[in-house]
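This report looks at one strand and its partners, and then at a pocket. Please keep the sequence and the structure in view while reading.

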Amino acid sequence: SIPGRAAAPRPGLVMTAADTGAAPAGPQALTSVLLAGGGSAGHVSPLLAVADALRRRDPSMRITALGTATGLEARIVPARGYPLELVPKVPLPRRPTPALFGVPGALAGAVRAADGVLQRTGAQVLVGFGGYVCSPAYLAARRRGIPIVIHEQNARAGLANRLGARFTRYVGTAFPGTGLPHARLVGMPLRAEISRLDRSALRAEAAAHFGLDPARRTLLVTGGSLGAQRLNTTFEQRVARLSSAGVQVLHVTGIGKEFRASAPVGGAAYVVVPYVDRMELAYAAADLVVARSGANTVAELTVVGLPAVYVPLPIGNGEQRLNAEGVVRAGGGLLVADAELTPAWVDDVLIPLARNSERVAAMARAAAGSAQRHADETMADLVLAAWRERMW
């Protein structure tokens, strides 16, 4: 759909009253917003969800995204119909290295670039979602006195948002306990196709789209937009075993990481795809998921009521384990260490779980009960509140 134009509800999409609410125009109306974030789907997806929510409030609002040329946003943002402005990527070394000496100059250049975007777009509010692009954007907005609104996706806040949170009282988080000042729990802003998804209404269409049998219990395996080697390697070795056990699989490997899956004659299908543009169809086809526990993945699976086996990325600062702990405690998922996701684990734990329809249904109810909903609209409220405070 075209941003700013109301779309007719599709099957499987439950619309709410907030979808048609519009902000009144006037001499003090908010007319231009800059949304900064990028690098991964965890930053870009909530950015786009908030952009859509703001456009529903006021279709005439000028909404611009700020990112880098190498991030996922360079492809996804323009495809969704939003203009994308670019700033240089300035990675901050986590350890003292010679590269650290070049950071001040590079950061100064990125701040100048972000300042130029703020000036060209006439942005009245900056909304940051984390990632390399946000630090220079926060500093430029602070210098100009432009209100800042922040959304932190992870249970453990990143460096950029820890900086930006010092400049604003408007901070929304997807998980509790981030430690950011002025933080309020709002959940993860999600696309309407996900947040209002009715899986049962869309199941037949979803199964047909992927060549699956809608009557069979279906396992979705996904490592996110880039794929996950551990998941790919383990499940490639268990194609025949899963198929023979009657467990149908949709496996999203990541682009360039596909493998040939030969299911035995008479067994359940094992479908391998490199990438899925419409994840709502993958969710509608599935009964159980094995996935990394990125913040966006955890939020989407709980909102649509899908139980999952979460396999946190074994590198980084441990935020992926923290992201999944809440839903796991609620009974909506399992946590499995990366090294423990082996073919033997699939045989001993996953296949019996996937075939236990009562347990899977109970986990689905627990997952849905732990979800935070309507974060896109709550974040739009924060943007308008930050603007009103600046005006009055």
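The model shown here is predicted. In it, V221 has H251, a residue of strand β9, as its bridge partner, and this contact belongs to the parallel pairing of strand β8 (residues 218–222) with β9, which runs over 5 bridges. Strand β9 also pairs in the parallel sense with strand β10 (residues 270–273), over 4 bridges, and here V252 stands opposite V273 of β10.

| Strand pair | Sense | Bridges |
|---|---|---|
| β8 and β9 | parallel | 5 bridges |
| β9 and β10 | parallel | 4 bridges |

Which way do the residues of β9 point? Q248, L250 and V252 point one way, while V249 and H251 point the other way, and all of them are buried. In general, the side chains of a regular strand alternate between the two faces of the sheet. Because 5 of the 5 residues of strand β9 (residues 248–252) are buried, that is, each has under 20% relative accessible area, the strand is largely enclosed by the rest of the structure.

A separate feature to look at is the second largest pocket, which has a volume of about 370 Å³. Its lining is made up of 21 residues, and those that lie nearest the centre of the pocket are A174, F175, P176, N323 and G326. Helices α11 (295–304) and α12 (319–329) each supply at least two residues of this lining, and α12 gives the most, with 6 residues. Sorted by class, the lining of the second largest pocket holds 12 nonpolar, 7 polar and 2 charged residues.

How values were computed. Residues are numbered from 1 along each chain as its sequence is written. This is a predicted model: local features need pLDDT of at least 70, side-chain atom pairs count only at pLDDT 80 or more; totals for chains, interfaces and linings use all residues. Side-chain values use heavy atoms; hydrogens and water are left out. Buried means under 20% relative accessible area, exposed over 50%, partly exposed in between (1.4 Å probe, protein chains only). Two strands pair if DSSP finds at least two bridges between them. On a 1 Å grid over the protein atoms alone, a cavity is a set of points where a 1.4 Å probe fits but cannot get out, and a pocket is an open set with protein on both sides within 12 Å along at least five of seven lines; lining residues have an atom within 4 Å of a point. Grid points are joined across faces, edges and corners, and a volume is the space filled by probe spheres set on the points. Ala, Val, Leu, Ile, Met, Phe, Trp, Tyr, Cys and Pro count as nonpolar, Asp, Glu, Lys and Arg as charged, and the others, Gly among them, as polar.
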